[in-house]
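Hi,

Here is the structure I promised to send over. Have a look at it first, and my notes follow below.

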Amino acid sequence: MGSATVLKLIKALGLTAYAKQLKKLLVRLRLWPKDGFGYRHRKQAYQLLSGRGLEIGALHCPANIPSNCKIEYCDAHSRQESAILFPEIESSLLVDVDYIVNLDRDRLLEKVQPPYDFAIINHVIEHVANPISVLEQLFAVTKPGGLVVISAPDKEFTFDKPRGLTDFPHLLEEYRQGVSSVGDDHYLDFIRHTAPDIFNSGDSSLLEETLKSVRDRREHAHVWNSESFLDFLTQSIAFLGIHATTEFVSTANTNNIECFVVLKKISN
């Protein structure tokens with residue numbers, strides 16, 4: 001039985017809350033990987049890493065990197081703030097954050113301590129206002145020969161499934177305009193498709209309250225499937241004039257969750 005089928009069965013039987021508690025217990029006992037069994041493809045890719053690295057937005061699922069690597073953590077919120085914003089996450093699993101950086105407003109290069117041998121950003125790029133700018137910053141803090149590990153959820157396997165794909169011209173326009181905050185139109189689209197009962201309720205107070213929560217939690221602003229995310233990376237790298245090679249790719253066709261890519265920065 002596939003993992004997607006199991007999840008549907010758990011939900012149908014009303015066992016979601018019990019399943020979450022069981023998972024927390026198994027994680028504590030180290031019988032269940034923090035990032036789940038659906039991410040086994042990452043283990044192979046992480047073997048490519050060495051040296052000193054930066055992980056952005058690890059939250060409660062830090063990358064399982066080789067023991068000889070050193071890692072620093074960067075996030076928009078402190079561990080304490082994340083515990084409040086995401087009460088559904090077991091707070092003891094949250095990483096300690098070394099650098100507080102808002103990728104929408106701050107320049108990564110000015111907030112952390114580059115250069116790094118590798119940078120990791122898993123399931124963060126879909127939350128930011130200006131994905132092309134973030135990709136540019138990732139390569140800026142990574143040394144020549146270093147690796148950029150980046151992934152985004154494939155909408156076909158998440159709550160984003162009913163939403164439309166974000167096309168590259170839209171992202172390019174946001175980059176050229178220097179967009180530094182996610183517009184509420186993105187978040188209203190999120191609510192419209194993931195919580196249509198609230199969006200169509202006619203209750204303006206409820207909608208405003210929900211919008212504030214979505215905004216505070218920085219929910220998904222942009223949406224990709226594996227094919228469109230690879231296209232986003234290809235076009236962005238070409239536009240930015242970055243020289244990079246692709247060292248590893250895993251798409252949702254095989255891992256059933258995300259598009260996961262490792263890029264190697266080449267000297268100009």
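Which residue does R79 meet in a salt bridge through its side chain? In this predicted model, the partner is D96, with N and O 3.1 Å apart. The two sit 17 residues from each other, R79 in helix α4 and D96 in the loop between α4 and β3. R79 is partly exposed at 24% relative accessible area, whereas D96 is exposed at 52%.

There are 13 salt bridges by the rule used here. Another one joins the side chains of D104 and R218, at 3.6 Å from N to O. D104 lies in the loop between β3 and α5 and R218 in the loop between α10 and α11, so this pair ties together parts that are 114 residues apart in sequence. Both of these residues are buried.

R218 also turns up among the contacts of H77, along with S82, L85, V97, I100 and D216, if you leave aside neighbours within four places in sequence. H77 itself lies in the loop between β2 and α4 and is buried, with a relative accessible area of 17%.

Now for a pair of helices. Helix α6 (residues 131-140) packs against helix α11 (residues 226-240) at an angle of about 65°, with the axes 10 Å apart. That makes α6 roughly perpendicular to α11, and their crossing is right-handed. On the α6 side the contact uses P131, I132, L135 and E136, and on the α11 side F232, L233, S236, I237, F239 and L240. Eight of the contact residues are nonpolar, one is polar and one is charged.

Enjoy exploring it!

Best wishes

Definitions and conventions: Residues are numbered from 1 along each chain as its sequence is written. This is a predicted model: local features need pLDDT of at least 70, side-chain atom pairs count only at pLDDT 80 or more; totals for chains, interfaces and linings use all residues. Side-chain values use heavy atoms; hydrogens and water are left out. Axes are lines fitted to C-alpha atoms, for helices over the stretch in contact, and angles run from 0 to 180 degrees between N-to-C directions. Helices (H or I, at least four residues) and strands (E, at least two) are DSSP runs, numbered from the N terminus. Angles under 35 degrees count as roughly parallel, over 145 as roughly antiparallel, 65 to 115 as roughly perpendicular and the rest as oblique. A crossing is left-handed if the near helix is turned anticlockwise from the far one by less than a right angle, and right-handed if clockwise. Contact means heavy atoms within 4.5 Å. Ala, Val, Leu, Ile, Met, Phe, Trp, Tyr, Cys and Pro count as nonpolar, Asp, Glu, Lys and Arg as charged, and the others, Gly among them, as polar. Buried means under 20% relative accessible area, exposed over 50%, partly exposed in between (1.4 Å probe, protein chains only). A salt bridge is a side-chain nitrogen of Lys or Arg within 4 Å of a carboxyl oxygen of Asp or Glu.
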